[in-house]
Amino acid sequence: MTHPIGVVDGTFSGTDPHAVYALQLNELGAPHIPALAELPDVGPHARGLGKVVANLSLPFELRPYGWQLQRGSRINAADQLRAISHRNSIIQAMADVAAGADVPAVSVRLLGPVSLLVDAMLPSGQRILRDAGARADVAAVWVEGVADLIRRIHDVLGARVSVFVEEQRAHDVVNGRIRTVSGADVERAVDVSEIRSYWQLTEGLDAEIFLETPFETLRSAAQVGSIALSWPVGRSQRTEQVWELIDALVGAGRPVALQLQRRSDPERYAEELIQQYLDWGLDPVCLEHVRLVQKFNAAPEIAVGSGLEALQTVADHAAGYAGSL
């Protein structure tokens, strides 16, 4: 039977990854995919750019205004070392909770290369985005870092990896809407072909890579690989364009991640989703390439538990409903 796969994404409250993993591994069974825990309460080294610099071979230091690239090649700043240690402990914690049980796949969310160029600073204090040479170098190091993260996850957990690459600033970069650090001016626009070239570097990674961008750059992202977006609803030209894009991707065997809403009746919601999918003319066989994403936002334990239960119900019932039609 064709089966869409449920995937966990987002952030969790508290500071204990073991509790987050116990919930996920108890509630979700294969083929559904738990997430590496992101715990914002732990500190800046455990979220956002902190999660990125943990994987980079370049030295960064956390300043009051954000993460700043340092001169030289040696990583010695306490916050970056703390980020590296936290990354390792987060991965190991899942292995500890799994206690030898098979974890076939995990997901992880990271700010993408464009986000890194916007949000991190050069040693001069300006955005990395400003320097064309630095942009190319840092984007390449970002990909190397993600490759290292994927290898580490595989070595510790033996799991395949799905990476959500968050690039919500891409359209602003292309249209020259990023303010300078001082706020007095805007950074020069970067051509979309250059942005796409950074995303193309992910093609060699041993993982499912889902690019999450604004609608305006979604088609450019889809030219590179898989995409992540909210489940398209309603009837409009924009929605039709999105479904056409999804149809082309899943028809070519490329997975698409679609974020779900929270609904009180998950079985009925699953049937509505399948009906929408079919109404737009998509092939039910291609449901195997659909990832149904339940995203959490600093969610407490009770919300995580109910959300995981709903995700599994929606994904499993969607498969049964599709098979019954």
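Author: The account below begins with the aromatic residues and then turns to other parts of the chain.

The model is a predicted one. In it, the count of aromatic pairs comes to five. Which residues form one aromatic cluster? They are W231, W243, Y277 and W280.

Two pairs that involve W243 may be described in detail. In the pair of W243 with Y277, the ring centres are 6.4 Å apart and the planes stand at 80°. An angle over 60 degrees counts as edge-to-face, and the pair of W243 and Y277 is therefore edge-to-face. W243 belongs to helix α9, residues 237-251, and Y277 to helix α10, residues 266-279. The two residues are 34 places apart in sequence, so their pairing ties together separate parts of the chain.

Are W243 and Y277 buried or exposed? Both are buried. The relative accessibility of W243 is 1%, and because buried means under 20%, W243 falls in that class.

The pair of W243 with W280 has another geometry: this pair is stacked, with 15° between the planes and 6.4 Å from centre to centre. Here too, distant parts of the chain are linked, since W280 lies in the loop between α10 and β9 (290-299), 37 residues from W243 in helix α9.

Helix α10 also holds D279. With a relative accessible area of 49%, D279 is partly exposed. Between D279 and P113 there are 166 residues of separation in sequence and, from C-alpha to C-alpha, 36 Å in space.

S220 counts as buried because its relative accessibility is 12%. Apart from neighbours within four places in sequence, S220 is in contact with V192, R196 and W199.

The next part concerns a pair of helices. Helix α1 spans residues 17-27 and helix α11 residues 301-324; the two pack with their axes 10 Å apart, at an angle of about 25°. Angles under 35 degrees count as roughly parallel, and α1 and α11 are therefore roughly parallel to each other. Their crossing is right-handed. On the α1 side, the residues that meet α11 are L23, Q24 and E27; on the α11 side they are E301, V304, G305, L308, E309 and Q312. By class, this contact has three nonpolar, three polar and three charged residues.

Some points of backbone geometry remain. The peptide bond from A30 to P31 is cis, and its omega is near 10°. P31 is located in the loop between α1 and α2 (49-53).

Where does A99 lie? A99 is in the loop between α3 (78-98) and β4 (105-111). Its phi is near 50°, a positive value in a residue other than glycine. The relative accessible area of A99 is 64%, so A99 is exposed. A298, which is not a glycine, has a positive phi of about 50°. A298 is placed in strand β9, and its relative accessibility of 38% means that A298 counts as partly exposed.

Conventions:
Residues are numbered from 1 along each chain as its sequence is written. This is a predicted model: local features need pLDDT of at least 70, side-chain atom pairs count only at pLDDT 80 or more; totals for chains, interfaces and linings use all residues. Side-chain values use heavy atoms; hydrogens and water are left out. Axes are lines fitted to C-alpha atoms, for helices over the stretch in contact, and angles run from 0 to 180 degrees between N-to-C directions. Helices (H or I, at least four residues) and strands (E, at least two) are DSSP runs, numbered from the N terminus. Angles under 35 degrees count as roughly parallel, over 145 as roughly antiparallel, 65 to 115 as roughly perpendicular and the rest as oblique. A crossing is left-handed if the near helix is turned anticlockwise from the far one by less than a right angle, and right-handed if clockwise. Contact means heavy atoms within 4.5 Å. Ala, Val, Leu, Ile, Met, Phe, Trp, Tyr, Cys and Pro count as nonpolar, Asp, Glu, Lys and Arg as charged, and the others, Gly among them, as polar. Rings of Phe, Tyr and Trp (its six-membered ring) pair if their centres lie within 6.5 Å; planes under 30 degrees apart count as stacked, over 60 as edge-to-face and the rest as tilted. Buried means under 20% relative accessible area, exposed over 50%, partly exposed in between (1.4 Å probe, protein chains only).
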